[in-house]
Amino acid sequence: MEKKSNGISAILLLALIQGFLASGAVEVQPSINPAAVGQTVTLSLSASLRSGTWAVGESLILTWLGNQQAVFPSHSGRASVNVHTGDLTLSSVTVDDSGVYVVQSSDPQLKANASITVLEPISNVTLNVNQTELMEFNSSAELTCSVSSGSSFSYLWMNGSSEVSATGRLQLTDGGSTLTVVNVTRYDQGPFRCCVFNPVSNSSSDSVNFTISYGPDNMALTVNGQNTTSFSAGSNLTILCSSQSNPPAQLQWAFRGELVNVTGPLLELSHVGEDQSGPYSCLAFNNYTNMHDNITTHIIIAKSGSDQHAVNMLLLSLLLAGFLFSYISGRNKVWQDHVYSQSITASQNPVPVGSSVTLSSTVHVSTGTWIFNNNLIVFISPQIQAIANSWRDRVTYNSSTSSLTLRSLTLDDSGIYTLEDLNVFRAQLTLSVQVPISNVTLWAKETNLVEYNDTAVLMCSVSNGSSLSFEWLDGNSTVTAGGQVLLSNGNATLTILNVTHHYQGPFRCKVSNGISHEISAPVHLNISYGPSNTTMMITPMKDTYKTGSKITLSCSAESSPPAMIKWIVDGVYLNQSGPQLQLENVTQGNSGHYTCVLHNTVTSRFSSASAMIQVLDPITAVVVKPTSGPAMLHEPFTLQCEVAGSADTILWWMNGQPISADNATVFGMNNKTLTLNSVQPSDNGHYKCQAFNSVSNMTSSPYTVNVIYGPEMPTITGPTAVKTGDNVTFSCYASSNPPSHYKWYFNGSLVSNMSEYITPHLPKETVRKYICMAFNNVTGQNSSAYIMLTVVDPIENVQVEAPDNLATEGNSYNLTCNVTGPADHVYWMKNGELLHENNRTVFSMDNKTVSFIPLNHYDTGDYQCMAVNAVGNMTSPLHMLLVNFGPETPIIQGPDFAETGGYAVFNCSAMSVPPSHFSWWYNGSMVANTSVFKAGPLSLNMTGEYTCMAYNNVTGKNSTNSAMLTVIEAIESVMVQNSTTPINNENFTLTCDVGGPYDTIYWMKDNMKLNMTNPHSSYHIEKNMLHFTPVTTYNDGSYQCVATNQAAQHESVPYILLVNYGPLSVTISGPDSAELGTSGMSLTCSADSRPECHFYWFLNNQSNPLTNGPVITFSVTKESEGTYICKARNPVTNITMYQSKTFAVSGHASAIHFSSHSSLMLMALFAFSTSVLFN
């Protein structure tokens, strides 16, 4: 006994292990995830299941067992399962179909799930704006994006091809659907688009553009397109003014502060004089923004020549007397109000203390000064360069480049350096001398902080350095002021209000100036935070757990330092702490509301997460039982589903198909009972019930319902008529359960107690009644039926008889059916088809006689009659009825017109039985006694009416018809003639010469009728002539003209047209050279031409030909060398063409040397002789 128990335990353990292995090995894979509304999604299993259930959330979808499946009403018509694999298919999914789909099976024991998200595709994205006409810096734009349909979508804003991010003036609100551009600039004109997307679709709005008014600003002036403002007297000046403005600014010009009568971008001055030197201003006004701007340039008009030199000498004297005083006293000359294109540059700027720098000019200065902050450094003139005493030890002036070098720089050397060229220009540069940065230090007021409670303060300092610029780094990112981040003390202090744990650092301070930079050591902030974002994870994740399961609850949160965790069930603390709670071998008593409570002892903050755990016992047994005796026909019958365990749902199955309630099928006691209100034979079958709860399902063994009924009305099979002397077999059957017993009665006597009865041989001409009775021993009911049997003699012979007179159309005629034996019916057939009565065809004498009143020739055919009685039928042999008729009106075939000297043949035919005899008549006289009549040879007086008469010897009837013949004069001959030779691209004419009268003429080429309607053709017809204007080789071919009259068409003999042409090209073939002494050397001349050309050969421009013919043959001598010319002439077209070929003789000097004068003379002589020869 103990060994048996151990064996059972081992088997159960193995089954459990296999079940858990199966559970762990099965995965659910959606075909699409996420899916779009309306799509079809299939949840595939990594291993096949032959039974189980599918559910989503708390709602059952379907269940299947073997090849049978039942779909619950919530998913009827949209869900199906592959009964071989367990894969679930959902069609036409909606957003409500999103959720966790769970497949559960008890064989093997497993449960798996997968999440599906169904999203609605995005459609009809529209973009609305508050206004499109905006003013720079004064207006704000608000763009709102909306969609007609879609779910779980995100927004992306585009300005042209660039993505718009929320920064400063650009604000994204309402989940990103609204973009606000604060204080728009001219760069915010667009086009703006809103793109909306989710994982299954995307769509974009139409573009929106803004019209932004701005300016005027960024003005510029150029004179004659140059960068100079000094010009000689007498010059013509064009001053161009430009500004950035929308709409374009109105421009007005001023000179020396006074408006001039000129508007627009151009001011033109002709032959300027010295009195036109001075400041020129361009004033801009935007009447939409109501803003003004202006720009001024100083133009100097200088004298030219010796006058200017005298002035310069005078000014130099003045400079020697008063120049130093003017700058030392700090007076500024009028030049400081002018802007010039000349400039000075520094070799380095800014520069470190103690280093050197060179200040360079873009132009050379001959008379002028270098000045520092209104203090003279160097005086420059053509004769002397004087350096001030205070700069002498540290300054070097280069007179060739006008550059100034400063050494041993100090902080006091920072300032404005000015280079002036007397009466020409003044240029300035600001030089910055700085101390290098060293020893950057970062200090935090407090590093241990609590999130949201404390403020972080970090201060940056340096030991050395000037013109400092501070930059703060958090990791590798630059910290900018805004929100809770403050920068103060020249950015040397960083303050973070209500610090969050995202600001832990490392923080560094970067200090720089124009010549150096240095970064401090990092500082980390220890920020205590949390607990927050608390989550509880349950493994495995299920809605309901089976008793005996193992459940692990894990709790986590973001917290520093880590939070302390305690567990509560239904409001009662458990004696357990830590991030995990293990529930082993759970029972229904472990069901409840579980909560984890987290506490951070530093931040003094709490957080919690909760989950509901439900444990349920599985179903252990399901049985179907009847509540009463057997199922009787038309009586109520009830089946009960007995379930061991808690059942949420019970389903009923019949023969593998789910059962649904109707008028005859009723479910009771939460589907535990199935009642068939009025049992029918169709209720026979195998019934099962299937019970479900959240952790299991089980199906009962089948219960067979066998309906007791009957017997119903018997059915007798067998003949109702029989020949005299035969016997018959009758079979009786009545539907019944259990099967019926049978008895046969004749004349009140029992003749058989079997379902089948065989009669004895039956006497002649009797009618007999046989009764069958069926009896059911269980129901105690019986039912009877009878059959009548007639005994008759058979039909022995059937014949069709006809009268002796001939069958003639229009007369009456009878056919008679003679039958030997009793006949119940007689039928007539013609040509195998049943014959029916009509107004000419009449049946009489019980259908034994058919009369034709009168006969028609369509009655001709094969006739039969068929006699029928209860035991058989017989058909007569074929009788051929041939109806004599006719003749009908003859049909004449023949011509309407014929030519003199020819023949006309007429053919006459007429419908007639027997065939008719024919005769032909002309002018009252018979001309032929056959069906075919040939008239001719014809003459004009043979025109007239010809009559055909048809005669039937049997019917004695005749019929006539006539044909009219017109004899016309014949066309005797047709010929194509021409009077000229056809030459390519010249006019040419063919003439059609016709002997005799004709109606029309047409032309044919290569047996095809010429298309005269083509507007692009080069030929046309004029009367009997075909003109080619002009003729070309494309017109080559065989031409015929056709003359027609009412009787016939007459074709000419073909005329072959070959167009003469050429020569089109001339070629010479043969070698270019040969050895001296070679014999039999040949050159061949050929030309594309019709007819063949005549050829003439010339050597070196000789006037007389060497030879005639296409080939020239010669022996190679010194005299053979030179240019061979072939002349090709077409004797018909009279066209001549030339071709030349140079032939060289090797083995001797072939070059001919001329003096320059003689060579020119020879070349002229050759040109003249060639023209004479070729002309």
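**View 1. Arg169 and its salt bridge to Asp188.** In this predicted model, Arg169 is partly exposed at 30% relative accessibility. The closest N and O atoms of the salt bridge are 3.0 Å apart. Arg169 sits in the loop between strand E16 (162-163) and strand E17 (170-173), and Asp188 in the loop between strand E18 (178-181) and strand E19 (192-198), so the bridge ties together parts 19 residues apart in sequence.

**View 2. Asp97 paired with Arg78.** A salt bridge joins the two side chains, at 3.0 Å from N to O. The pair links distant parts of the chain, 19 residues apart. Asp97 is in the loop between strand E8 (88-90) and strand E9 (99-106). Arg78 is in the loop between strand E6 (68-71) and strand E7 (79-81). Asp97 is buried at 7% relative accessibility, whereas Arg78 is partly exposed at 23%.

**View 3. Glu584 and Lys550.** The closest N and O atoms of this salt bridge are 3.9 Å apart. It links distant parts of the chain, 34 residues apart. Glu584 lies in the loop between strand E54 (580-583) and strand E55 (592-600). Lys550 lies in the loop between strand E50 (545-546) and strand E51 (551-560). Lys550 is partly exposed, at 48% relative accessibility.

**View 4. A salt-bridge network.** Glu136, Arg186 and Asp217 are linked by salt bridges. The count of salt bridges in the model is eleven.

**View 5. The surroundings of His879.** His879 belongs to strand E83 (residues 879-881). Its relative accessibility is 19%; it counts as buried because the cut-off is under 20%. Beyond neighbours within four places in sequence, His879 contacts Val800, Ala802, Leu815, Gly861, Asp862 and Tyr863.

How values were computed: Residues are numbered from 1 along each chain as its sequence is written. This is a predicted model: local features need pLDDT of at least 70, side-chain atom pairs count only at pLDDT 80 or more; totals for chains, interfaces and linings use all residues. Side-chain values use heavy atoms; hydrogens and water are left out. Helices (H or I, at least four residues) and strands (E, at least two) are DSSP runs, numbered from the N terminus. Buried means under 20% relative accessible area, exposed over 50%, partly exposed in between (1.4 Å probe, protein chains only). Contact means heavy atoms within 4.5 Å. A salt bridge is a side-chain nitrogen of Lys or Arg within 4 Å of a carboxyl oxygen of Asp or Glu.
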